[in-house]
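Take a look at the protein below.

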Amino acid sequence: MISESFEYHVPKTIEEALGMIGEFGDESKVLAGGHSLLPMMKLRLASPKHLIDIGRIGALRYIRESEGQLELGALTTHFEIESSSLLKSKCPLLPETAREIGDVQVCNRGTLGGSLVHADPAADWPAAMLAVEAEMVARGPHGERKIRARDFFVDLMATALQSDELLTAIRVSPLPARTGDAYLKLHHPASGFAVVGVAVRLTLAESGSIGEARVGVTGVGAKPYRAEETERLLAGKSPTAKRLEEAAAHAADGVDANSDLYASGDYRKHLAAVYARRAIQRAAERAAGR
Ligand SMILES: Cc1cc2nc3c(=O)[nH]c(=O)nc-3n(C[C@H](O)[C@H](O)[C@H](O)COP(=O)(O)OP(=O)(O)OC[C@H]3O[C@@H](n4cnc5c(N)ncnc54)[C@H](O)[C@@H]3O)c2cc1C
């Protein structure tokens with residue numbers, strides 16, 4: 001199908017983009033990589049009268065270190081993340097997650113910010129953002145504010161970002177000492193999206209027991225979540241195979257699981273436990289330097 005007609009705008013700066021969002025309000029949509037928005041427009045699930053293409057705002061596209069944190073501009077593409085040597089050495093979970101997304105075209109055009117704001121329940125990034133406790137930086141008419149990843153994802157395709165705000169950057173902390181991380185997913189055989197995806201960041205104490213584990217899960221429910229019971233059961237325990245399995249079994253506790261033609265809710269919950277165990281094990285091995 002062909003989308004409804006719209007006016008196309010190309011702001012050169014963040015301020016100009018915010019001015020346009022303010023002027024056109026609910027009749028406008030921001031365009032980043034277009035790999036989620038354009039299909040929705042063609043299906044007429046979205047019909048903005050004004051399309052604000054932020055793709056040429058260079059100030060939204062970077063990966064850098066700042067005040068001990070790693071900062072990624074919202075327009076950074078999946079491919080740029082996958083191939084960043086800074087991220088490979090300081091936050092390898094992000095390149096590892098990027099590698100699991102879509103195909104070459106999707107990776108070259110799709111952006112981290114676009115994926116997070118779109119908040120598809122089967123998207124990969126949200127699990128990783130939860131595991132590294134990322135901070136989203138939003139700019140709107142009243143200035144800048146920061147939103148923790150666990151507060152950002154509100155519901156099915158709904159985030160805490162206001163309609164007059166632009167997501168400008170994502171901040172994550174680098175990998176601490178004795179820490180490993182991992183992202184594993186079951187690809188949907190047709191779309192490649194995550195049927196279930198689990199991201200883990202795990203720190204070992206000097207004794208070799210688990211100091212802290214953060215487990216982000218995508219694909220199971222309407223929105224991504226932290227598997228808090230799994231995290232609680234891991235803290236302070238030695239990372240034996242039995243302990244990891246017992247903790248991972250709770251990876252979908254209390255979640256109202258999605259069900260579709262490919263995977264029932266019960267199957268998704270089973271997958272969450274299986275993928276959580278594998279991802280926790282891999283993160284623990286990496287934390288131990290194996
Ligand atoms: C064939 C195919 C396969 C895919 N496979 C996967 C997969 O395996 N895993 C996965 O996670 N994703 C997958 N995707 C989705 C892909 O990652 C998209 O690129 C991504 O979800 C959206 O990013 P975008 O830059 O294209 O955003 P757009 O489509 O341009 O925008 C998406 C939404 O975010 C809003 N938006 C974008 N940027 C901002 C911003 N900075 N501030 C405020 N609002 C903003 C837009 O207004 C729109 O509502 C796939 C897509 C396709 C087409």
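Buried area is the accessible area (1.4 Å probe) that two parts lose on being put together, summed over both. Domain 2 and domain 3 bury about 2,000 Å² between them. Of that area, 52% is on carbon and sulfur atoms.

This is a predicted model: local features need pLDDT of at least 70, side-chain atom pairs count only at pLDDT 80 or more, and totals for chains, interfaces and linings use all residues. Residues are numbered from 1 along each chain as its sequence is written, and side-chain values use heavy atoms, with hydrogens and water left out.

## Domains

The protein is divided into domain 1 (7–53), domain 2 (62–172) and domain 3 (180–287). These bounds come from an automatic or database domain assignment. The centres of domain 2 and domain 3, taken over C-alpha atoms, are separated by 20 Å. Their contact (heavy atoms within 4.5 Å) takes 23 residues from domain 2 and 26 residues from domain 3.

## Two helices

Helices (H or I, at least four residues) and strands (E, at least two) are DSSP runs, numbered from the N terminus. Buried means under 20% relative accessible area, exposed means over 50%, and partly exposed lies in between (1.4 Å probe, protein chains only).

Start with helix 1 (residues 14–24). Which of its residues are buried? They are Ile14, Ala17, Leu18, Met20, Ile21 and Phe24. They cover an arc of only 160 degrees around the axis, so they sit on the same side of helix 1. The arc is that of the directions from the helix axis to the C-beta atoms. On the other side of helix 1, Gly22 and Glu23 are exposed. Glycine 25 follows helix 1, and its phi is positive, near 50 degrees.

An α-helix has 3.6 residues a turn, so residues three or four places apart point the same way.

Now take helix 11 (residues 241–248). Its buried residues are Leu244, Ala247 and Ala248. Their arc around the axis is only 95 degrees, which puts them on the same side of helix 11. Their cover includes strand 13 (210–218), helix 10 (228–234) and helix 12 (265–287).

Threonine 230 lies in helix 10. With a relative accessible area of 0%, threonine 230 is buried. Not counting residues up to four places away in sequence, threonine 230 touches Val215, Ala247, Ala248, His250, Ala251 and Ile280.

## Rings

How many aromatic pairs does a search of the whole structure find? It finds 1. Phenylalanine 152 and phenylalanine 153 form this pair, with 5.3 Å centre to centre and 90 degrees between the planes. The pair is edge-to-face. Rings of Phe, Tyr and Trp (its six-membered ring) pair if their centres lie within 6.5 Å; planes under 30 degrees apart count as stacked, over 60 as edge-to-face and the rest as tilted. Phenylalanine 152 is buried, at 0% relative accessibility. Phenylalanine 153 is buried too, at 4%.

Charges also sit over rings. The rule is that NZ of Lys or CZ of Arg is within 6 Å of the ring centre and within 35 degrees of the ring normal.

| Charged residue | Ring below it | Distance from ring centre |
|---|---|---|
| Arginine 64 | Tyrosine 62 | 3.8 Å |
| Arginine 278 | Tyrosine 275 | 5.2 Å |

## Loops and single residues

Alanine 119 has a positive phi, near 55 degrees, in a residue other than glycine. Its place is the loop between helix 7 (112–118) and helix 8 (125–131). Is alanine 119 buried or exposed? At 5% relative accessibility, alanine 119 counts as buried.

Methionine 157 is not a glycine either, yet its phi is positive, about 50 degrees. Methionine 157 is found in the loop between strand 8 (153–155) and strand 9 (158–159). At 37% relative accessibility, methionine 157 counts as partly exposed.

Lysine 146 is in strand 7 (residues 143–148). Lysine 146 is partly exposed, at 45% relative accessibility. Leaving aside neighbours within four places in sequence, lysine 146 is in contact with Glu135, Met136 and Arg171.

Alanine 177 lies in the loop between strand 10 and strand 11 (179–187). With a relative accessible area of 57%, alanine 177 is exposed.
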